[in-house]
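Visitor: I would like a close look at one part of this model, with the rest of the chain kept as background. Please take me through it in plain words.

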Amino acid sequence: DLGARYCTSRPRCSECPVALQCAWAGEARPDPAEATRRATAAAPFAGSTRYHRGRLLDALRSGAVRSDDLAAAALLADAGEAATLAAGLVRDGLAEWDDDRLRLPA
């Protein structure tokens, strides 16, 4: 992946094979020191929506999850938030409903 190799907090544009076509390397290019500051100021992953979505998806790998158990599987206290995460997984094609159970697609 080019981004993982060249587009890091300290960009290596001079080594990148697509630097001439890169939109970031154009005029809108921010100062790399500023990019580093922004990267370190990112919100923590634990407790984020992505974290809880991942926990729910991980639970689905072990088997279907009843709708009443979504919050526990996603490590959330709010059942409404867990339902929103489940709807997102279904929308993204990562899960499907089978009666009142959420499961991985067949």
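Visitor: Read along the sequence, what pattern does the protein follow? Within that pattern, what does histidine 52 touch, not counting residues up to four places away in sequence?

Guide: Read along the sequence, the pattern is α-α-α-β-α-α-β-β. That makes five helices and three strands, where helices (H or I, at least four residues) and strands (E, at least two) are DSSP runs numbered from the N terminus. The model is predicted, so local features need pLDDT of at least 70 and side-chain atom pairs count only at pLDDT 80 or more, while totals for chains, interfaces and linings use all residues. Residues are numbered from 1 along each chain as its sequence is written, and side-chain values use heavy atoms, with hydrogens and water left out.

Start with the residue you asked about. Histidine 52 belongs to helix H3. With a relative accessible area of 9%, histidine 52 is buried; the word means under 20% relative accessible area, exposed means over 50%, and partly exposed is in between, using a 1.4 Å probe and protein chains only. Leaving out residues up to four places away in sequence, histidine 52 touches Gly47, Ala74, Leu75, Leu76 and Leu85; contact here means heavy atoms within 4.5 Å. A polar atom of its side chain lies 2.7 Å from the backbone oxygen of alanine 74. For a polar contact, the pair must be N or O atoms within 3.5 Å; within protein, one must be able to donate a hydrogen and the other to accept it, and residues adjacent in sequence count only if both atoms are side-chain atoms.

One of the residues that histidine 52 touches is Leu75. Leucine 75 sits in the loop between H4 and H5. Its phi is near 60 degrees, a positive value in a residue other than glycine. Leucine 75 is partly exposed, at a relative accessible area of 49%.

Outside the four places on either side in sequence, leucine 60 touches Val65, Leu89, Ala95, Leu102, Arg103 and Leu104.

Alanine 82, in helix H5, is worth a look as well. At 0% relative accessibility, alanine 82 counts as buried. Not counting residues up to four places away in sequence, alanine 82 touches Leu56, Leu70, Ala71 and Leu76.

Arginine 55 lies over the face of tyrosine 51, at 4.8 Å from the ring centre; a charge sits over a ring if NZ of Lys or CZ of Arg is within 6 Å of the ring centre and within 35 degrees of the ring normal.

Now the strands. The three of them form an open antiparallel sheet in the order E1-E3-E2. Its edge strands are strand E1 (65-66) and strand E2 (96-98), each pairing on one side only. Two strands pair if DSSP finds at least two bridges between them; E2 and strand E3 (residues 101-103) have three bridges, in the antiparallel sense. Aspartate 98 stands opposite arginine 101 in E3. In the loop between E2 and E3 lies aspartate 99, which counts as exposed at 75% relative accessibility. Its phi is near 60 degrees, again a positive value in a residue other than glycine.

For the chain as a whole, buried residues make up 18% of the 106 residues. Among contacts with a separation of 6 or more, 40% join residues 24 or more positions apart.
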